[in-house]
Amino acid sequence: MSTVRGIPFEAAGTVRTLAFTTAAMVRYQRAAGETLIAGVLAVERDGFDAERVGRLVNAGLGGKLTEEEVFALIDAVGYTEAIRLIGRAFKEAFPVPEPKAAPDEAPAPEAEPAGNGAGRSETIPTP
């Protein structure tokens, strides 16, 4: 069983997985001189930096493809789809946990109080 979180996609008849593992993050940083997070945010913000997109895709695919092979894959899926895949792979690698209630947080006002109800007073209407 693989614990790598990635996004499978098909390009040129081959299914590949784009995954931003720790190794991919280091690989990207060494090649680009910026963190993977900075690279992804720049692509999301600016979009049209083909060299950066190529480095991100290459890192996410394991760094074993030649530059020409990476560019051919990007061309096969389309530039816009490549950017979308980068975003999805990033979200898969860095999931945002759902917020949890703090242990000392009071229950919602509509919740019934705990206990047997002793000490609770009720106003009984008089006829």
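The largest cavity holds about 50 Å³ of space, in a model that is predicted, with local features requiring pLDDT of at least 70, side-chain atom pairs counted only at pLDDT 80 or more, and totals for chains, interfaces and linings using all residues. Residues are numbered from 1 along each chain as its sequence is written, and side-chain values use heavy atoms, with hydrogens and water left out. A cavity is a set of points, on a 1 Å grid over the protein atoms alone, where a 1.4 Å probe fits but cannot get out, and its lining residues have an atom within 4 Å of a point. Grid points are joined across faces, edges and corners, and a volume is the space filled by probe spheres set on the points. By this rule, 1 cavity of 30 Å³ or more is counted.

The lining of the largest cavity is formed by Phe9, Leu18, Val57, Leu73, Ile74, Val77, Ala82 and Leu85. By class, this lining comprises 8 nonpolar, no polar and no charged residues, where Ala, Val, Leu, Ile, Met, Phe, Trp, Tyr, Cys and Pro count as nonpolar, Asp, Glu, Lys and Arg as charged, and the others, Gly among them, as polar. Helix H4 (67-77) and helix H5 (79-93) each supply at least two of the lining residues, and H4 gives the most, with 3 residues.

The protein contains 5 helices and 2 strands, arranged along the sequence in the pattern β-β-α-α-α-α-α. These elements are DSSP runs numbered from the N terminus, with helices (H or I) of at least four residues and strands (E) of at least two. Of the 127 residues, 28% count as buried; buried denotes under 20% relative accessible area, exposed over 50%, and partly exposed in between, with a 1.4 Å probe and protein chains only. Among contacts (heavy atoms within 4.5 Å) between residues at least 6 apart in sequence, 56% join residues at least 24 apart.

The largest nonpolar core has 26 residues, and Phe20, Val53 and Ile86 have the most contacts inside it. Such a core is a set of buried Ala, Val, Leu, Ile, Met, Phe, Trp, Tyr and Cys residues joined through side-chain atoms within 4.5 Å. At least two residues of this core come from each of strand E1 (7-11), helix H1 (22-32), helix H2 (36-46), helix H3 (50-60), H4 and H5, and H5 gives the most, with 7 residues. Apart from residues up to four places away in sequence, Ile86 touches Leu18, Phe20, Val40, Val53, Leu56 and Val57.

In H4, the buried residues are Val70, Leu73 and Ile74. Viewed down the axis of H4, these buried residues fall within an arc of 100°, so they line one face of the helix; the arc is that of the directions from the helix axis to the C-beta atoms. Glu68 and Asp75 are exposed on the other side of H4. The cover over the buried residues of H4 includes E1, strand E2 (14-18), H3 and H5. Glycine 78, with a positive phi near 95°, follows H4.

Helix H2 has Leu36, Gly39, Val40, Ala42 and Val43 as its buried residues. Down the axis of H2, the buried residues fall within an arc of 160° and so line one face of the helix. The exposed residues Glu44 and Arg45 are carried on the face of H2 turned away from its buried side, while the elements covering the buried residues include H1, H3 and H5. Glycine 47 follows H2 and has a positive phi, near 80°.

Alanine 42, located in H2, counts as buried at 4% relative accessibility. Beyond its neighbours within four places in sequence, alanine 42 is in contact with Gly47 and Arg52. Alanine 42 and valine 53 are 11 residues apart in sequence, with a C-alpha to C-alpha separation of 9.8 Å in space. Arginine 52 lies in helix H3 and counts as buried because its relative accessibility is 14%. With neighbours within four places in sequence left aside, the contacts of arginine 52 are Tyr28, Glu34, Gly39, Ala42 and Val43.

Alanine 12 is situated in the loop between E1 and E2 and is exposed, with a relative accessible area of 70%. Its phi is near 55°, a positive value in a residue other than glycine. Most residues other than glycine have a negative phi.

Key
On a 1 Å grid over the protein atoms alone, a cavity is a set of points where a 1.4 Å probe fits but cannot get out, and a pocket is an open set with protein on both sides within 12 Å along at least five of seven lines; lining residues have an atom within 4 Å of a point.
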